[in-house]
Amino acid sequence: MSTPSLTVTHVPERRSFETPDGAHLTYDLTGDRAAFVHTFVPPELRGQGHAAALTRAALAHARTAGWQVVPACSYVQVFLQRNPELAALPLADGRPFVVSP
């Protein structure tokens with residue numbers, strides 16, 4: 001399945017990444033550690049790549065921001081297992097990008 005081209009917006013005041021149709025990935029941020037805690041996609045949109053698009057956008061933002069990612073959400077854990085190349089590179093300062101929950 002390919003990930004559709006979706007608009008994903010980072011909404012810092014809600015600590016989330018969101019699509020216009022109601023899908024979202026929420027996180028908790030402590031210092032420079034972002035725990036990705038929940039991914040939600042409305043039932044009628046499931047299986048269309050929304051969760052993958054949210055996760056890719058959140059990971060891209062985290063890497064740019066220098067956040068270490070804690071994959072607390074089960075979807076994010078499975079996504080990273082299926083796409084290990086997204087977690088393999090360290091941050092610019094040498095710290096690991098993805099750390100254990």
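Strands here are DSSP runs of E with at least two residues, numbered from the N terminus. Keep in mind that this is a predicted model.

**Glutamine 68**
- Glutamine 68 counts as buried because its relative accessibility is 9%, and the cut-off for buried is under 20%.
- Setting aside residues up to four places away in sequence, glutamine 68 touches Asp32, Arg33, Ala34, Leu91, Arg95, Pro96, Phe97 and Val99.

**The largest nonpolar core**
- This core has 22 residues, and Leu25, Phe36 and Leu59 are the ones with the most contacts inside it.
- Two or more residues come from each of strand 3, strand 4, helix 1 and helix 2.
- Helix 1 gives the most to this core, with 6 residues.

- Helix 2 covers residues 74-82, and Val76, Phe79 and Leu80 are buried in it.
- Seen down the axis of helix 2, the buried residues fall within an arc of 95 degrees, so they line one face of the helix.
- Ser74, Gln81 and Arg82 are exposed on the other side of helix 2.
- The cover over the buried residues of helix 2 includes strand 3 (24-30), strand 4 (33-40), helix 1 (50-65), strand 5 (68-71) and helix 3 (85-88).

Key
Residues numbered from 1 in each chain as written. Predicted model: local features only at pLDDT ≥ 70, side-chain atom pairs only at ≥ 80, totals over all residues. Heavy atoms only, no water. Buried < 20%, exposed > 50% of the residue type's maximum accessible area, 1.4 Å probe, protein only. Helix = DSSP H or I, 4+ residues; strand = E, 2+ residues; numbered from the N terminus. Arc of directions from axis to C-beta. Contact = heavy atoms within 4.5 Å. Core = buried A, V, L, I, M, F, W, Y, C linked by side-chain atoms within 4.5 Å.
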